[in-house]
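Here is a friendly walk through some helix packing and sheet layout. Please keep the viewer open beside the text.

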Amino acid sequence: HKQPENDLNGSSVADLKRDFLNKLFYVQGKFPALASLNDYYMALSYTVRDRLLERWINTAAIYTDSGARTICYLSAEFLMGPQLGNNLINLGIYDQAQQAVEELGLDLDALLEQEEEPGLGNGGLGRLAACYLDSMATLEIPSIGYGIRYEFGIFEQDIRDGWQVERTDKWLRFGNPWEISRPEWAVEVKLGGHVDHYTDEQGRYRVRWIPYEVVKGVPYDNPILGYKTNTANTLRLWTAEAPESFDFAAFNSGNYAGAVHKKMVSENVSKVLYPNDDSDRGKRLRLTQQIFFVSCSLQDTIRIMQVQDLPLAKFHEKFVIQLNDTHPAISIAELMRLLVDEHYMKWDQAWAITQRTFAYTNHTILPEALERWPIALFSSLLPRHMEIIYEINHHFIDDVRMKFPDDPDRIARMSLIDESGEKYVRMAHLACVGSHAINGVAALHTELLQQDVLSDFYALYPHKFSNKTNGVTPRRFVVLSNPRLTDLISSKIGNGWIKHLDELKKLEAYVDDIEFQQEWQDIKYNLKRDLANQIVKDYGINVDPHSLFDIQAKRIHEYKRQHLNVLHIITLYNRIKANPDIDITPQTFLFGGKAAPGYFMAKLIIKLINSVADVVNRDPDVRDRIKVVFLKDYSVKFAQHVYPAADLSEQISTAGKEASGTGNMKFAMNGALTIGTLDGANIEIREEVGAENFFLFGLTEQEVQKMSADGYSPIDYYHTNLELKLAIDRIASGFFSHGDPELFKPLLHTLFDRDPYFLFADYQAYIDCQHQASLVYRDLERWTRMSILNVARMGKFSSDRSIREYCEDIWHIKPVKVELNT
Ligand code: 26V
């Protein structure tokens, strides 16, 4: 698979410059005087793409020739972030490219900023999928990511009068240089209609699904480069189109508009990412998206089996399929349908293959986020899958009955069908029954799955369960986003840590080195100053880079408790107002994150943050000692500027609610200290960095449980805690809402009435812990030592470690080396 003779592969500055100018001329059709920044971005991207194609093609060839066992990572979301910088890093040509464009009078940072990121995910779950693709390629693991090429990704967030306003994310507007469409591998997906059971001419029992409509899926391939390896895996995203034969009957009868309408309906399937990360109960289009990408992907795997001349009986040896939450769990029924109905395999054999193929990761235990589909909707869209699920359930319930005789309650609890009221298909149950492995994403989360949410399944299948604590890629979140820290670290311990993050341990030898501490501080200061400059530019607000940068950046959710953070800010403000000369550590509070458009309470929290910011930032009594800024339109691209500039990372969810968190890891890797609860991966971060280097507060999960069971009365805290009362009263009086006491009532009412996330119970502990952190920050040397130790001890949280564990315990896949034969 030798590359054609050419000069598109050189990595010298001269090669890059020449190819860059060629792309500008021959692809963009521009000469420098007319070229826009986007033309330059495109020219550089195509230059880089040429340089990765050799790896991509050779990787595909080696996988095909060797019939390598492959992990398919099925996910409704991939939150990839910008590609150009990452590809330069992973190809090892970042510095050359920087010099090349510089010699042409351009600034690489400006070109990188030009890229419109593919925001094809909501938050943690989608970004985790992207980190895992990076690690799989870096570890040389044969893998394919399968997902949806949404035409519009996560909405762009604007803030008007303090409220979130959504705009459509037209990320493909200027073209996407990273994808290659493969129309020759398009497949069709059936929807609706009815099922015929019949005997064919040979007297064989057959099933035929006659759909109401058919949607075509066209794959778009995106390269996933490993860091300094020859491996380039594929992320294959599906776009929905109308089949060529779109409603010819209507067309020929002169109903052109009718035919075009049907085409439009088909194209809607991959039009937009659902911006909710808790619930989309009963949305037909959402279920259509799920079956669409699942069916396309499974048909694609079967095509690959055929290309490689492998019998379907070996499907589970060739492929293992990881289900990223229940969004692709319909796969289990779809693979059964393909094997049994379309390839005439016997049910029992198909079921054995299916169970051995699938593995399921759960990402949330919030009850409202557990997917279930009303039976009526499900059967009308997927009549054959409904039958298959009933059949699976029938066998499954027999198994349960065998193991737990005379326990009808258990059967009702475990059934794939919820029959307690309106009937539903329970997707998590389908995922558990149809998989050979089930995992949570942090130790506490897995524990809670086993003891609580999936305890019946744990009793039946203890061997299926394991924990796989999340991780993040240090390539994007340290090397690319924090080059200055990267250089300092590498100057001391070499650059082996980039692939073997445990090597960061070696930094501990420098923790007392005054010069090293000084450099560490200088870097943090400079990063904070850069972010401060951006903030003045974007918001006209001056923030002091010497102040403690305290940042909470994540989706807005009541369980994540951004409003607890606000209560602390108001408390500081009240202290200043009561005693204007009070000695407090200057602190800058930054927030970033999107609220689901239909989640009123989350939007009200954004309004509260902005309202408090308006008052605090303008009050002369505050004398610039505290500042509050809501950073709009938080994205992967922006996050890469935010993590490096943080001193304190806010990880303050109610214990038991945050499955893992991954932002917590990204902040800590960039030298932020964490203020956090014993929740998700915070617990493991604290174990690693040492309790003395972590600001811990709040109820434990067990204490939360107990308080709930004993009857929690938030109002008692309000009446007995004077500062809490003052903070709440400030909001209630209309002080932050131009005198309007109504505005924040819904929020306050929830707190007084139920406070389901225990803000009042954790308030004092949080205030005290914040105070502690602000005192430590005054001792900059102590803070710096803690910061260095945090980074030095983050090795565990590389996604490379997570992927190694998946490979060992669940996937049973080994690396495959790719040689370049040029
Ligand atoms: C759920 C749903 C429910 C149906 C509507 C559409 C939709 C879209 C996304 C989700 C995902 C919610 C689960 C999630 O994002 N969990 C997060 O996963 C992270 C990676 O494991 C983890 O770090 C976070 O703690 C967890 O909240």
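At what angle do the axes of helix α22 (residues 562-578) and helix α23 (residues 600-618) cross, and within what distance do they come? They cross at roughly 20° and come within 10 Å.

Before going on, a word on the model. This is a predicted model, in which local features need pLDDT of at least 70, side-chain atom pairs count only at pLDDT 80 or more, and totals for chains, interfaces and linings use all residues. Residues are numbered from 1 along each chain as its sequence is written. The protein chain averages a pLDDT (the predictor's confidence in each residue, from 0 to 100) of 96, and 98% of the residues score at least 70. For the complex, the predictor gives an ipTM of 0.94 and a pTM of 0.97.

**Helix pairs**

Helices (H or I, at least four residues) and strands (E, at least two) are DSSP runs, numbered from the N terminus. Axes are lines fitted to C-alpha atoms, for helices over the stretch in contact, and angles run from 0 to 180 degrees between N-to-C directions.

| Helix pair | Axes come within | Crossing angle |
|---|---|---|
| α22 and α23 | 10 Å | roughly 20° |
| α6 (residues 124-138) and α33 (residues 799-811) | 9 Å | roughly 75° |
| α1 (residues 13-26) and α4 (residues 94-103) | 9 Å | roughly 55° |

Angles under 35 degrees count as roughly parallel, over 145 as roughly antiparallel, 65 to 115 as roughly perpendicular and the rest as oblique. The α22 and α23 axes cross at roughly 20°, which means that α22 is roughly parallel to α23. Their crossing is left-handed; that is the term if the near helix is turned anticlockwise from the far one by less than a right angle, and right-handed applies if clockwise. Q562, H563, V566, I569, I570 and Y573 of α22 meet I605, L608, I609, V612 and V616 of α23, where contact requires C-beta atoms, placed from the backbone, to lie within 7 Å. This contact has 9 nonpolar, 2 polar and no charged residues. In these classes, Ala, Val, Leu, Ile, Met, Phe, Trp, Tyr, Cys and Pro count as nonpolar, Asp, Glu, Lys and Arg as charged, and the others, Gly among them, as polar.

For α6 and α33, the axes cross at roughly 75°, so α6 is roughly perpendicular to α33. Here C131, Y132, D134, S135, M136 and T138 in α6 meet S799, D800 and I803 in α33. By class, that contact divides into 4 nonpolar, 3 polar and 2 charged residues.

α1 and α4 are oblique to each other, and their crossing is right-handed. V13, L16, K17 and F20 in α1 meet Q96, A97, Q99, A100 and E103 in α4, a contact of 5 nonpolar, 2 polar and 2 charged residues.

**Sheets**

Two strands pair if DSSP finds at least two bridges between them. An open sheet of 6 strands runs in the order β22-β21-β20-β23-β24-β25 with parallel pairing. β22 (626-631) and β25 (695-696) stand at its edges with a single partner strand each, so one side of each has no neighbour in the sheet. Strand β20 (residues 548-553) is joined to strand β23 (residues 648-651) by 2 bridges, and I551 has S649 in β23 as its bridge partner.

An open sheet of 3 strands has antiparallel pairing and the order β15-β17-β16. Its edges are β15 (372-374) and β16 (417-418). 3 bridges join β15 to strand β17 (residues 424-426), and R372 has R426 in β17 as its bridge partner. Helix α16 (residues 427-434) lies across β15 and β17, at about 40° to β17.

Conventions: Two residues are in contact if their C-beta atoms, placed from the backbone, lie within 7 Å.
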